[in-house]
Amino acid sequence: MSPTGTVGSGQFAPTPHDPDERGHFGPWGGRYMPEALIAAVDELSVFYEKARVDPEFLAEFARLLKDYANRPSLLTEAKKFSRHAGGARVFLKREDLNHTGSHKINNVLGQALLTKRMGKKRVIAETGAGQHGVATATACALMDLDCVVYMGEVDTERQALNVARMRLLGAEVIPVKTGSRTLKDAINEALRDWVANVDDTHYLLGTAAGPHPFPLLVRDFHRVIGIEARIQILEQIGRLPDVVAACVGGGSNAIGIFHGFIDDPAVRLVGLEPGGDGIDTDRHGATLTKGLPGSLHGAMSYVMQDEDGQITEAHSISAGLDYPGVGPEHSHLKDIGRAEYRPVTDAEAMEAFALLSRTEGIIPAIESSHALAGAMQIGRELGEDAVILVNLSGRGDKDMDTAVKWFGLGVEGETR
Amino acid sequence: MSRLDPVFDRCRAEGRAALIGYLPAGYPTVEGSKDTLRTMVDSGCDLVEVGLPFSDPVMDGPTIQVAAEQALRAGFRVRDLFGVVESVAAAGGKAVVMTYWNPVLRYGVERFARDLAAAGGLGLITPDLVPDEAADWIAASDEHDLDRIFLVAPSSTEERIDLTSKSSRGFLYATSVMGVTGARDVVSNLAPELVKRVREHTDMPVGVGLGVRSGAQAAELAAFADGVIVGSAFVTAAADSPAAVRALTEDLATGVRSAVAPA
Ligand SMILES: Cc1ncc(COP(=O)(O)O)c(C=O)c1O
């Protein structure tokens, strides 16, 4: 299987779903950002457009995915978990088995190669769960780039293991103490760094959001997920899934797997958003379900905001989904009805987290557990004839502290 | 004809640069910001920029971030902005608003332009809106006869400087450094070069900002810029006392009248 394919085909081929030249997906996307950074995103566009048709770049990227990141990732049928999903057949796209433990490595390797091509030697990144930070620190170690990761102080606490991993890999981790001290504020701080250091620094954005061309190129680096999964499910059961389910923070793992099936109208694409304490409370991060159009972090998209246009804080048990914005292509897919988005509460996600661990011996990331919870709901709606493909975007080792607190797994047997 | 032409014409006639002072509306309270802006107008600001506090000010350094946070925590609402602008006009001052784009979008671009014009505001500075995405704002500002102040940066290409000057009205805001707002010790050496490049594209006045905090720095900028923009230093002074605001304004006002060639 060679999903990255040849020039002009496969992962980097233009699609009918590409944004216009200035990065608009319908009314969404574009560049709502300071003039000082326009030159940098223009440069990135130029280098990306060259790279995506350059056989040398494509070969190097394909080699890294295969020999470094451990692709293709497996497709595993979750036969016992299926019981909890109305008997529907559930297939897991095992991004948790990638090097560094999540899908994030796909995008990071691609952007790190671009950084080299642009002749920049310093990389900055934001991170929520720490998975993007770890992947970035990893690629920087591999490719001899200086690495600075901004992480909200709240997240440095709940994902302490990943802070240690990043530091061990040689990255500098800067806890961000402003605003809600989570992912949104880490992005603000990274943007402030970028504007001051743009000459020698690439901002390695971790999700399919931000100004053009980030939503396009991050998506393309993750398209490998959907391309592989489509081939694998056809190999395994000889038919396409009825539903593809993925969690949506900024939207990178979802857009990557969705694109493998976007031209198959019979395949429902379902994004699962962090419902926190419930979307009728003010503690959630269900941007596409409850947000309003707005500009945040460089793009027009749905945004969680108050009536004055002040950005509101997201709340989710999952640090990687705790974000009041979303990538612009998802806003577009929602508007045109090609994808649907549903909230999953903290409690539902944690239930799925435990169930997959016990039924399949796979501990998922809490982010990915939202997709699993979605599959449980959808499976019950559709029944046992249904086939659901879940993007298992990452593994749950990083979430043990949260699990200990939630389930009372500590030595003291403390309960919640 | 721009709404700000009279301001720059008068300064030009006096052979000096304009002093442009920034303060977030609602800092530390709505009434407090009105008082500070009045002091700034009375003691020598030719133009004030009334900032709209925003939850995610990515172009601002710590001083203005903290001020915006404080204003929001004190309950500042977007509708309060127009009263603050009105108070500047009532005090005989000239005001433009500086705002991140999302609050304007949420308020409604057309409605925002209408209410700003009705309050006596003369235009809008938009740090995270580039002309490429500004079709609605260009239409609304034309409709309500408001100036449009877009930004140029040392990293802007000639094409972008050209596009930005053609899209602007009133003046062009040149950010003198690559970075966020915040007082700095030395005037950037990127500023003169940027202003020179801008002048090859337009006769429009050029205001230079980011980092200015003293009369001496203002004097250096006044040698090549039509306006000297000061933000964080006013926020710091406002936190201190009205006397500090007055003293800072007077120092800067002296500075813009004593242009010296940059060192
Ligand atoms: C395992 C995992 N899944 C999903 C996400 C959410 O990001 P995205 O929506 O961009 O896929 C994260 C982010 O940190 C993550 O670590």
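B:D145 is partly exposed, with a relative accessible area of 36%; buried means under 20% relative accessible area, exposed over 50%, and partly exposed in between (1.4 Å probe, protein chains only). The residue belongs to the loop between α7 (135-143) and β5 of chain B, where helices (H or I, at least four residues) and strands (E, at least two) are DSSP runs, numbered from the N terminus. Phi of B:D145 is near 55°, a positive value in a residue other than glycine.

The structure is a predicted model, in which local features need pLDDT of at least 70 and side-chain atom pairs count only at pLDDT 80 or more, while totals for chains, interfaces and linings use all residues. Residues are numbered from 1 along each chain as its sequence is written, chains are lettered from A and ligands numbered from 1 in the order in which they are written, and side-chain values use heavy atoms, with hydrogens and water left out. The model has an ipTM of 0.96 and a pTM of 0.96. For chain B, the mean pLDDT (the predictor's confidence in each residue, from 0 to 100) is 95, and 98% of the residues reach 70 or more.

Chain B contains an open sheet of nine strands with parallel pairing, in the order β5-β4-β3-β2-β1-β9-β8-β7-β6. Strands β5 (147-149) and β6 (151-152) of chain B stand at the edges with a single partner strand each, so one side of each is left without a neighbour in the sheet. Two strands are taken to pair if DSSP finds at least two bridges between them. Strand β4 (residues 123-125) of chain B is joined to β5(B) by three bridges, and the two run parallel. In this pairing B:G123 stands opposite B:D147 in β5(B). Helix α4 (residues 78-90) of chain B packs on the sheet and touches β2 (47-51) and β3 (95-98) of chain B; contact means heavy atoms within 4.5 Å. The direction of α4 makes about 170° with that of β2(B), where axes are lines fitted to C-alpha atoms, for helices over the stretch in contact, and angles run from 0 to 180 degrees between N-to-C directions.

Cis peptide bonds occur in chains A and B. The bond from B:Y27 to B:P28 has omega near -5°, and B:P28 is placed in the loop between β1 (18-24) and α2 (30-42) of chain B. In chain A, the bond from A:R71 to A:P72 has omega near -5°, and A:P72 is in the loop between α2 (55-67) and β3 (75-77).

A:R181, in the loop between β7 (172-176) and α7 (183-197) of chain A, also has a positive phi, near 55°. A:R181 is partly exposed, with a relative accessible area of 30%.

A:R52 lies in the loop between α1 (38-51) and α2 of chain A and is buried at 6% relative accessibility. Its side chain reaches the backbone oxygen of A:F12 at 3.1 Å. Not counting residues up to four places away in sequence, the residues that A:R52 touches include A:P14, A:D18 and A:D220.

A:S102, in the loop between β4 (89-94) and α3 (104-117) of chain A, is buried at 2% relative accessibility. The side chain of A:S102 reaches the backbone nitrogen of A:K104 at 3.1 Å. A:S102 touches A:E95, A:Q131, A:S393 and A:G394, residues up to four places away in sequence not being counted.

Technical notes:
Polar contact = N/O pair within 3.5 Å; in protein donor to acceptor, adjacent residues only side chain to side chain.
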